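Please read this short report alongside the sequence and the 3D view.

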Amino acid sequence: MAEAKKLSGAGLRGQVAGETALCTVGKTGTGLTYRGYDVTDLAANAQFEEVAYLLLRGKLPNQAELDAYKAKLKSLRNLPDALKLVLEQIPKDAHPMDVMRTGCSMLGNLETEQDFSEQDDKIDRMLATFPAIITYWYRFAHEGVRIDTANSECDSIGGLFLELLHGKKPSELHERVMNVSLILYAEHEFNASTFTARVCASTLSDIHSCVTGAIGSLRGPLHGGANEAAMELIQRFQTPEEAEAGLMGMLERKEKIMGFGHAIYKESDPRNAIIKQWSEKLAKEVGDTVLYPVSVRCEEVMWREKKLFCNADFFHASAYHFMGIPTELFTPIFVMSRVSGWTAHVKEQRANNRIIRPSADYTGPEHQDWLPIEERS
Ligand SMILES: CC(=O)SCCNC(=O)CCNC(=O)[C@H](O)C(C)(C)COP(=O)(O)OP(=O)(O)OC[C@H]1O[C@@H](n2cnc3c(N)ncnc32)[C@H](O)[C@@H]1OP(=O)(O)O
Ligand SMILES: O=C([O-])CC(=O)C(=O)O
């Protein structure tokens with residue numbers, strides 16, 4: 001069994017910042033569990049809504065509970081007119097993660113959490129509306145159409161996103177891949193965006209503020225933005241040989257290769273093997289002979305040269321691309337999923353709260369005498 005990664009140095013690495021019953025990451029060097037269930041089992045057998053229920057309600061739902069939960073989420077997909085109006089003002093060239101941030105924040109203005117007893121309903125509303133928020137804006141900004149988000153056919157969140165994006169019900173395969181993807185991205189202990197949400201929650205702030213802040217943290221290319229950055233990378237290459245030469249050059253110039261490495265895992269990210277398999281299936285479906293082989297070569301080169309492995313983001317890039325999803329919408333999909341983990345952490349923080357307020361080692365100047373403004377250089 002692989003040992004856990006040795007953690008030290010900056011970035012609070014290796015420091016325990018709290019407790020959670022939600023998730024273990026890299027406990028044996030490679031593993032990932034949600035409330036004790038292996039993510040591999042969940043991705044093979046569960047629906048995303050079942051996993052969201054597990055994270056948020058503490059147990060896997062029985063059939064009646066799952067049916068009721070999915071029906072509830074389906075009934076919450078409509079967007080308020082005032083939110084649609086705001087989305088329609090956002091320019092076409094805005095980054096979709098900024099749209100998500102604004103959409104979540106506006107929802108918080110319109111449907112403010114007045115009391116923590118409302119948290120489950122507010123969370124369900126976010127789960128139900130996030131696919132609608134991003135696709136409503138995207139289709140309006142790019143095609144000038146106002147889509148109906150409330151009356152779609154798909155009863156899954158992943159299927160809903162594809163249906164709203166493409167204007168037709170997705171194939172079973174695509175709905176399944178979305179479902180797997182949302183499960184893989186749902187939860188990951190004290191990653192940067194979840195920690196953001198918990199810090200915000202610890203001030204007893206409202207749930208929309210916690211999630212809006214988390215979206216901002218997820219946006220960066222060192223975190224959720226890496227799936228988009230990985231797509232930009234693999235698209236540069238026409239053959240595996242070109243990819244190898246390109247990566248060797250980047251490594252020589254000490255450039256970061258997005259979609260590789262991890263703060264906690266030491267030798268593999270368990271989500272990679274799963275999404276890689278689905279990417280391969282999709283590559284066969286679309287007859288791809290470039291992106292998938294290029295991605296595989298990148299994986300080989302990075303391991304051979306640097307012992308760096310693909311994280312969850314790398315093969316998500318090609319998988320999403322094969323399903324016709326525009327690159328700039330990759331990270332918002334992460335949001336649609338991780339909102340389940342973020343809000344489960346907010347609930348956990350609220351249930352046993354103390355304001356999160358660490359200390360800093362001071363590195364500034366010693367005492368300085370006050371200088372009147374005329375005497376300053
Ligand atoms: C779902 C997710 O959010 S997964 C993460 C998504 N992010 C990315 O894919 C961005 C690319 N990867 C990275 O930037 C990093 O690996 C992170 C941010 C994920 C983790 O950062 P850290 O914990 O600081 O990485 P770690 O300590 O393992 O780095 C060890 C060395 O490998 C290098 N390294 C790590 N990842 C990469 C990479 N992707 N490309 C090139 N070099 C890398 C580091 O620069 C460091 O080198 P140094 O010792 O010469 O400074
Ligand atoms: O745990 C992390 O640091 C990043 C990550 O993989 C995730 O949030 O899914």
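## Ligand 2

A polar side-chain atom of H188 sits 2.7 Å from an oxygen atom of ligand 2. R271 also places a polar side-chain atom 2.7 Å from a ligand 2 oxygen. For R338, the distance from a polar side-chain atom to an oxygen of ligand 2 is 2.7 Å. On its own, ligand 2 exposes 270 Å², and the protein buries 83% of that. Such areas come from the Shrake-Rupley method with a 1.4 Å probe; for residues, only the protein chains shown count as cover.

Which residues are around ligand 2? They are H188, N191, H223, H262, R271 and R338. A residue is near a molecule if one of its heavy atoms lies within 4 Å of it. This shell holds no nonpolar residues, 4 polar and 2 charged. Here Ala, Val, Leu, Ile, Met, Phe, Trp, Tyr, Cys and Pro are nonpolar, Asp, Glu, Lys and Arg are charged, and the others, Gly among them, are polar.

## How the model is read

This is a predicted model: local features need pLDDT of at least 70, side-chain atom pairs count only at pLDDT 80 or more, and totals for chains, interfaces and linings use all residues. Residues are numbered from 1 along each chain as its sequence is written, chains are lettered from A and ligands numbered from 1 in the order in which they are written, and side-chain values use heavy atoms, with hydrogens and water left out.

## Annotated active site

An unreviewed UniProt entry lists H262 and D313 for "active site". They are spread over 52 residues of sequence but cluster in space, with a largest C-alpha distance of 10.6 Å. UniProt positions follow the numbering used here, feature names are shortened, and annotations may be inferred rather than shown by experiment.

H262 lies in the loop between α12 (240-252) and α13 (270-286). Helices are DSSP runs (H or I, at least four residues), numbered from the N terminus. D313 is in the loop between α14 (291-306) and α15 (314-322).

Is D313 buried or exposed? D313 is buried, because its relative accessible area is 5%. Buried means under 20%, exposed over 50%, and partly exposed in between (1.4 Å probe, protein chains only). H262 has 22% relative accessibility, so H262 counts as partly exposed.

## Helix α5

D98 is found in helix α5 (residues 96-110). Its side chain makes a polar contact of 3.2 Å with that of R101. Another, of 2.7 Å, joins the side chains of D98 and R219. A polar contact is a pair of N or O atoms within 3.5 Å; within protein, one must be able to donate a hydrogen and the other to accept it, and residues adjacent in sequence count only if both atoms are side-chain atoms.

How values were computed:
Helices (H or I, at least four residues) and strands (E, at least two) are DSSP runs, numbered from the N terminus.
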